[in-house]
Amino acid sequence: GDRPLAGRTALVTGASSGIGEATALALADLGADVAVGARRADRLEDLSGRLRDKGVRAVTLDLDVTDEQQCRDAVQRTRSETGRVDVLVNCAGLMLLGPIVDADTEDWRRMMSTNVLGLMYMTHAAIGGMVEQGSGDVVNISSVAGRVARSGAGAYNASKWAVNAFSESLRQEVTAKGVRITLVEPGAVQTELNDHITDDASREKSKKSYDSMDSLQAEDVARAIAYVVTQPARVAVNEVLVRPTDQT
Ligand code: NDP
C-alpha cells in the first residue's frame with residue numbers, strides 16, 4: 001500500500017536538523033510512528049508537530065547520545081509510548097574537520113563519543129528487542145569519509161571507519177535472526193554539518209567545496225533510507241553509497 005510502514009515505529013537520532021529531520025518526515029509519510037531525538041528540544045517540538053500533521057504518532061526525546069543512560073531511556077520511552085522500535089536510524093553526528101598536527105583533541109573526543117560511542121549505545125539499547133521480535137532495521141549513517149581517508153579529515157575518517165566495522169560485525173551477528181543492518185554513506189549533503197567545524201580554515205574550505213557542487217539535499221538521503229526500510233523481509237540492503245553526481 002502507500003503506507004507500508006503503518007503500525008511500525010522508527011526512532012531517529014540527530015533529528016533536529018539535516019538528514020535526521022528529513023528521514024523522520026520521510027518515514028512518517030510512509031506511515032511509521034516516529035520518535036525523534038537530539039539535544040535541541042525546541043526544534044524537535046516543531047518537528048513532532050509536523051509529524052503528527054501527517055497522521056502518525058510522534059515522540060519527542062531529550063537525547064544526548066554521548067550519555068548511555070539517555071540512550072537506554074530513549075529506547076524505553078519509545079517502547080512505552082508506541083509499543084515497539086522497528087527501525088533505528090543513527091544520524092546524530094559531527095564532522096569536526098582539521099589537521100591532525102596541532103589538532104584540538106577535544107574535537108576528537110566529541111566526534112568519537114558522538115559518531116561512534118553514541119551510535120553504539122543506541123544500537124545496543126535497541127537491538128535486543130529487535131532480535132527478540134525477529135525483525136528490525138538499524139540504519140547507520142556513515143559517510144564517503146568512512147571509505148576514503150583524506151588529509152585534513154583524519155579523526156572524522158577514524159570515527160566513520162569505526163562505524164563501518166561495528167556495523168559489519170553486527171550484521172554478521174544478527175542477520176540470520178531477521179534483523180537488518182544497513183550502512184548509508186553519503187557524499188556532500190547541504191545541512192548544518194559544516195557550521196560546527198571549529199577549525200576556521202577547514203570550515204571555510206569545506207563550505208567552499210560543498211558550494212562548488214550541486215550537493216545532495218537531506219531529502220535525497222532520506223529517500224535512500226526509505227528505500228532500505230521498505231524492502232521485503234528477505235531483502236537486506238547492506239550498503240548505500242550516494243554522492244552528488246558532480247562529486248569526484
Ligand atoms: P546536521 O548538523 O544538520 O545534523 C546533525 C544532527 O546530529 C543534529 O540533529 C544534532 O542535533 C545531532 N547531534 C549532534 N550531537 C548530538 C548528540 N550528542 N546527541 C544527540 N544528537 C546530536 O548534519 P547532517 O544531517 O549532515 O549529519 C547527520 C549525519 O550524516 C552525521 O553522522 C554526519 O556525519 C553524516 N553525514 C553527513 C554528510 C553531509 O555532507 N552533510 C555526508 C556524510 C555523512 P542537536 O545539536 O540538536 O543535538
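**Entry 1: the ligand.** I kept in mind that this is a predicted model. I asked how many residues surround the ligand. I found 31. The closest are Gly 14, Gly 18, Arg 39, Gly 93 and Thr 191. I then sorted the shell by class: 14 residues are nonpolar, 13 are polar and four are charged.

**Entry 2: α1 and α7.** I followed α1 to its partner α7, a helix of residues 218-229. Their axes lie 8 Å apart, at an angle of about 50°. The two helices are therefore oblique to each other. I noted a right-handed crossing of α1 past α7. On the α1 side, the contact includes Gly 18, Ile 19 and Glu 21. Gly 18 is also among the residues closest to the ligand. On the α7 side, I listed Ala 218, Glu 219 and Val 221 among others. By class, this contact has nine nonpolar, two polar and three charged residues.

**Entry 3: α3 and α4.** I turned to α4, residues 105-133, and its packing with α3, residues 68-82. The angle is about 35° and the axes are 9 Å apart. Here α3 passes α4 in a right-handed crossing. From α3, Glu 68, Cys 71, Arg 72 and Val 75 make the contact. From α4, Tyr 121, Met 122, Ala 125 and Ala 126 do.

Conventions
Residues numbered from 1 in each chain as written. Predicted model: local features only at pLDDT ≥ 70, side-chain atom pairs only at ≥ 80, totals over all residues. Axes fitted to C-alpha atoms, helices over the stretch in contact; angles between N-to-C directions. Helix = DSSP H or I, 4+ residues; strand = E, 2+ residues; numbered from the N terminus. Left-handed = near helix turned anticlockwise from the far one by under 90°. Contact = placed C-beta atoms within 7 Å. Near = placed C-beta within 6 Å. Nonpolar A, V, L, I, M, F, W, Y, C, P; charged D, E, K, R; others polar. Parallel < 35°, antiparallel > 145°, perpendicular 65-115°, else oblique.
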